[in-house]
Amino acid sequence: FFPLQSQLSQALNGLSDRAKEAKEFLVQLRNMVQQIQENSVEFEACLVAQCDALIDALNRRKAQLLSRVNKEHEHKLKVVRDQISHCTVKLRQTTGLMEYCLEVIKENDPSGFLQISDALIRRVHLTEDQWGKGTLTPRMTTDFDLNLDNAPLLQSIHQLDFVQMKVSSPVPAPPILQLEECCTHNNSATLSWKQPPLSTVQVEGYILELDDGNGGQFREVYVGKETMCTVDGLHFNSTYSARVKAFNKTGVSPYSKTLVLQTSEDTQSEEQTLPFPVPLERSQLRRMSPFSSTLNLQPSFPGRSYFELRSSAHQLSLHSSLQSLNSAGEPIAWFSFDPASAHADIIFSNDNLTVTCNSYDDRVVLGKTGFSKGLHYWELSIDRYDNHPDPAFGVARIDVLKDAMLGKDDKAWAMYVDNNRSWFMHNNSHTNRTEGGITKGATVGVLLDLTRRTLTFSINEDQQGPVAFENLEGLFFPAVSLNRNVQV
């Protein structure tokens, strides 16, 4: 009896394993259904884009060819019209000479006729010679000696087809997130992953996805061959879920296990009294079992962000004030200038906290940290100000123009200022001229309120003009434009 029970139990264990594999297989098939639908939409969009590009190229070529036909048309008309004008003048001269000769022949005075007859005969022969061979032949044909060779293109269009990819390997296995290498700093997260140790399937790339920090839908943040990615511009004080999958020509792997990232620590300390009211935002942490992992941040402050750009003499006082804030329990988000995204003419010093420029033209430099949520304030100190230049301060998208004054394009919102007055500028539109400028030692403050979606500026702690910009939404980086006459 007992041996039979043991035997049945072992058989059930084997059957249970098969059932578990079948469930996992069904999950994989269901994922394939979704992936096929997504791939179909993406492939159709790609096909339409490729065909539209061919149509656009053909239209551009058509316009070029029509231009050549028009030039040939104008050339032919000019040649024919010039020949008509020349022939008309000669015909008028010839007709006049013939009429004069006929009148002379009618004269009854022989002596008068003898006096002019030799000259008239020579003139008639000379005029006749001018109507020599070729004079009455058209210099231009009416035919257009152009023949469009469209046969090769038509053949290519008829042969346009899909290149069927050959299945050379199975779908990759799910990647493994390397928790020991994943970390966060301020509102950036770095994630690292690898293929399973025993996997031999070729991988062409990876797709990293994050949710919106509020339990919403996942979205792609990276597609490529690297196995490590840093995502900037996340919300402060938020919790993100991350996952990654691999792909090759055959298809896409299932997702890795989900990793939960926390972009700030919750603090219960009382808020400090600051020059601008700063409401701190809190969000409840979510832990996803059994595959969750909460990563601790360096202290970050969702309300007040210091862009430390002061000279050495001012650094001690600012560091002291920040340390007093930090000792009271308020975390601070530190950030500096970013050499990686700056124009090549920008010169960095003081651990990337101080910048100037080696060009007389305006050049743009961004801060390393981007903001998309909350209330943020930072200050910039003018260390050098010569010959009354117009430096600009504000915020910008990561792809802002780097070789022009901040605010010249639609990816920057700025205040530019000289020694007497300031203007706001966005998309090369200048508004709100305000009296009051800057000198060496002045401080420019930037208040980015993404709760109210506004941007406000101050000079020496006094607000400069009205609210500069409204309805701001998206990811913004602190930004400055300056030339060699300014150092901040």
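Does Phe371 count as buried or exposed? Phe371 counts as buried, because its relative accessibility is 1% (buried means under 20% relative accessible area, exposed over 50%, partly exposed in between; 1.4 Å probe, protein chains only). The model is predicted: local features need pLDDT of at least 70, side-chain atom pairs count only at pLDDT 80 or more, and totals for chains, interfaces and linings use all residues. Residues are numbered from 1 along each chain as its sequence is written, and side-chain values use heavy atoms, leaving out hydrogens and water.

**View A. Phe335 and Phe371 form an edge-to-face pair.** The structure holds ten aromatic pairs (Phe, Tyr or six-membered Trp rings with centres within 6.5 Å; planes under 30 degrees apart are stacked, over 60 edge-to-face, the rest tilted). In this one, the ring centres of Phe335 and Phe371 are 5.6 Å apart. Their planes stand at 75 degrees, so the pair is edge-to-face. Phe335 belongs to strand β10 (strands are DSSP E runs of at least two residues, numbered from the N terminus). Phe371 sits in the loop between β13 (363-366) and β14 (375-381). The pair therefore ties together parts that are 36 residues apart in sequence. Phe335 is buried too, at 5% relative accessibility.

**View B. Phe371 also pairs with Trp378.** Here the ring centres are 6.1 Å apart. The planes meet at 25 degrees, so this pair is stacked. Trp378 is buried, and its relative accessible area is 1%.

View C. The largest share, three residues, comes from β2. Domain 2 (174-260) and domain 3 (332-485) each supply at least three lining residues (domain bounds come from an automatic or database assignment).

**View D. Two charged ends sit over rings.** The charged end of Lys90 sits over the ring of Trp131, 4.8 Å from the ring centre. Arg484 places its charged end over the ring of Tyr360, 4.7 Å from the centre. The criterion is NZ of Lys or CZ of Arg within 6 Å of the ring centre and within 35 degrees of the ring normal.

**View E. His388 has a positive phi although it is not a glycine.** The angle is about 55 degrees. His388 lies in the loop between β15 (384-385) and β16 (392-396). Its side of the accessibility scale is clear: His388 is exposed, with a relative accessible area of 52%.

**View F. Asn428 is a non-glycine residue with a positive phi.** Its phi is about 65 degrees. The loop between β18 (421-426) and β19 (429-435) holds Asn428. At 39% relative accessibility, Asn428 counts as partly exposed.

**View G. Ser381 and Val488 are 107 residues apart along the chain.** Their C-alpha atoms are separated by 5.5 Å. Ser381 is part of strand β14. Ser381 counts as buried, with 1% relative accessibility.

**View H. Asp338 and Leu353 are 15 residues apart in sequence.** In space, C-alpha to C-alpha, Asp338 and Leu353 are 9.3 Å apart. Asp338 occupies the loop between β10 and β11 (346-349). At 15% relative accessibility, Asp338 counts as buried.

Terms used. Helices (H or I, at least four residues) and strands (E, at least two) are DSSP runs, numbered from the N terminus.
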